[in-house]
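User: I would like to understand how the terms used for a protein model follow from its coordinates. May I put some questions to you about the structure shown here?

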Amino acid sequence: MSTVLYDTPGPRGILRNRILTFVFAAALLAGLYFAYLKFDEKGQFDAALWEPFLQGDVWVNLIIPGLVNTLSAAAVAALIAVPFGFVFGIARLSEHKWIRVPAGAVVEFFRAIPLLIMIFFAQYGGSAVLGLTVTSFTAVVFGLVLYNGSVLAEIVRAGIQSLPRGQTEAALAVGLRKGQVMRLILLPQAVTAMMPAIVSQLIVLLKDTALGFIVAFEDLLNAGARILPANFQNLIPAVIVVAIIYIIINVVVGLLANWLERRSRRSRKTTIKPVEAPQSVGVG
Amino acid sequence: MGALVEEFPVILGAFWLTVRLTLASAVAALVLGTVLAAMRVSPFAVLRGVATAYVNTLRNTPLTLVIVFCGLGLGLVLDVSFSESLSTNYLWLSIIGLSAYTAAFVCEAIRSGINTVPVGQAEAARALGLTFTQNLRFIVLPQAFRAIIAPLGSLLIALTKNTTVAAAIGVAEASLTMKSLFERHQDSVVAIFFGFALAFLVLTLPTGLFFGWLSRRLKVAR
Amino acid sequence: MRVRRIGALLMTAAALAATLTACSGGDKFVIGVKFDQPGLGLKQTDGSVKGFDVDVASYIAKELGYTPEQIEWKETVSANREPFIQQGQVDMVVATYSITDKRKEVISFAGPYLVTGQDILTRADDTSITGQDSLQTKKVCGAQGSTSPARLVEKFGEAWKGQYLTEQQGYGNCLPLLDQKQVDAISTDATILAGFAAQSPGKFRLVGQVFSEEKYGVGLKKDDKETRDKVNAAIEKMFADGSWKKAVEANFGEFAPNFATPPALEKY
């Protein structure tokens, strides 16, 4: 698309583009140089602030445990959210109003409110109402499951609805019961179609674990913004390093998702189009 | 229930802050996102590269981290300061964080909108002799925007909910206020939670309906 | 097939969780301390913990007859100290744990081993702050969920809060803000301030005018009078043989004079 927006430049156009490119590049470099000067002026390039990242111990004892907590919170939340999504997604398609309506209400409710207030509620409500101690891990997982589970429920519903009606009709005609139609005919096809959307939602879930920082969950962001600065007074460098770790993880998982999608598209036997991922704006 | 009535002015103030935070960030994100999208389809490799790098970085960083970095980093390193009043200063820093993050998603939405505009439109515009800027301004972007009203609406809803993350740097918007009300009224945690949830529903549901209506109304007939 | 695989995965996860939460048996002595509080309880790069609370806890453990190898350090945060003691997840908590009547309803306290109060930290060259009243027109940083900023808001009002107070995620994040003049003061327990400030010698000044009283005690299981008496005896011995003073000097550096005298025990 980008190439149809402008003509192939002629000799004067090429010259003008070169000059403009030079101007933009110079402006960019000037901006970077300004940031560099400011970092330097504030002593943010001091070796003492960056040297900790060269020590194996710092990684083993301070950073990796945070990373492990982030990944385990994401894994546990995903393991619960996916079944949650399937149960509620299918329930919304039920023929019985008393199943369909409450399921729809739950899904719509948790999709419409911020994840953070669910986490706060889990933290305070658990002890105030039930007398339970809710660890920050539990609170984070609770919020992630309800929010992402509800988004996944919508993906599941869309996946099943994207199948041609003829599939259900034919299955019923050959004598399958409703449960069998869902299990044997609809779900296997729908799962293929919604796999990419599910995976991209799980990436969002992984990113959202960073909200745990606000409730003092000992995650990767906590390691970068609290634990490392407490030891080395290097808030800015630590946050930058942790950001790079997050970006690497998300890019790798994203590539994995793309590969999965290509693979499933290759082996797909139906002509069903993949379900479009919902607006996957990470909250965390 | 009593706690909700008693604290009503506090809650109202908190949500008013949430609304202002949302609107200011939305405007900034829309402007920045449009500029980024224009950069990504521009004839200049440098601009395309910068915009692509920006979008990929911001989209893969957790929002909490972006806000913490803006809240602490911009002031500490770049001497960014908006106001002598601390709460106003952190409010603006969180707006920067929220809009910088959301702009990456706006940029992607606009790009997908540009892709819905038939190639013939841009070609016809070029045949008439329009330059790149004119082409974008008069032909492509107006149609692209009308095609992405619904996704922009979802982004606005997501942004409304995301303003809660400003709590990370102590901006007393709705979620942080809810937390302090939890501490003050430990016997009515459930009522307070549902009160705040309801208020968020009031903010987000009409937004969704309005943008759905708008996108149907402004749909480009093809 | 796929269903079975997911089932197996769930089982594995459940089993893993069960092993992780299983109580550490044997003759281990589990002590709850803070992991993120310089000067009091801070997890070090090499995985060990260091601080005044840690020194006090080690001394008590030694007096109770445990070798250093038997001690297991466990992180406790403000929110989970009581439940950890009640559920027996830790044998003892030494984690900036203020003695209050409300807490005494569910657990027991030995000590106090240190008495401190809300104080103010400023830049070393800023002499304009002399006490709580000076904060009326100064920018102050506090931690979210801490009672210290709330005490200031109560005194100076909501308008002051909007203009002069910012609440960050923990006092550690306040320090760079103070250093770079984004704020003029940090206010909370003197021990916490001293612990952070001692890491950057010469940069900060502790005002030394406390305006509240916090008594740090050792959290123990409720009504375990025998252990409580033993712990109190250990603390008294620590005061008497000079180890207490040594621990103060080792952990609070230039601010050690602020914590010169050991407090009187509250035996019950």
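User: Which residues touch the most other members of the largest nonpolar core?

Analyst: In this predicted model, A:Met118, A:Ile119, B:Leu65 and C:Val94 touch the most other members of that core, which holds 220 residues. The largest share comes from α5(B), with 17 residues.

User: What makes this set a nonpolar core?

Analyst: Its members must be buried residues of nonpolar types, joined through C-beta atoms within 7 Å. The 220 residues form such a set, therefore the name applies. In soluble globular proteins, nonpolar side chains tend to be buried together.

User: Which residues does A:Met118 touch, leaving aside those up to four places away in sequence?

Analyst: A:Met118 touches A:Ile113, A:Phe142, A:Gly143, A:Leu146 and A:Tyr147. Each of these counts as a contact because the C-beta atoms of the two residues lie within 7 Å.

User: Why are β10 and β12 of chain C said to stand at the edges of their sheet?

Analyst: The open sheet has five strands in the order β10-β9-β11-β8-β12 (chain C), with mixed pairing. β10 (165-168) and β12 (204-206) each have a single partner strand, so one side of each is left without a neighbour in the sheet. From one strand to the next, the twist averages 30 degrees.

User: What makes β8 and β12 of chain C a pair?

Analyst: Three bridges join β8(C), residues 118-123, to β12(C), and the two run antiparallel. C:Arg123 has C:Phe204 in β12(C) as its bridge partner.

User: Which helix packs on this sheet?

Analyst: Helix α8 of chain C, residues 190-197, touches β8, β11 and β12 of chain C, and its direction makes about 125 degrees with that of β11(C).

Definitions and conventions. Residues are numbered from 1 along each chain as its sequence is written. Chains are lettered from A and ligands numbered from 1 in the order in which they are written. This is a predicted model: local features need pLDDT of at least 70, side-chain atom pairs count only at pLDDT 80 or more; totals for chains, interfaces and linings use all residues. A residue is buried if 20 or more other C-beta atoms lie within 10 Å of its own, exposed if 12 or fewer, and partly exposed in between; C-beta atoms are placed from the backbone. Helices (H or I, at least four residues) and strands (E, at least two) are DSSP runs, numbered from the N terminus. Two strands pair if DSSP finds at least two bridges between them. Axes are lines fitted to C-alpha atoms, for helices over the stretch in contact, and angles run from 0 to 180 degrees between N-to-C directions.
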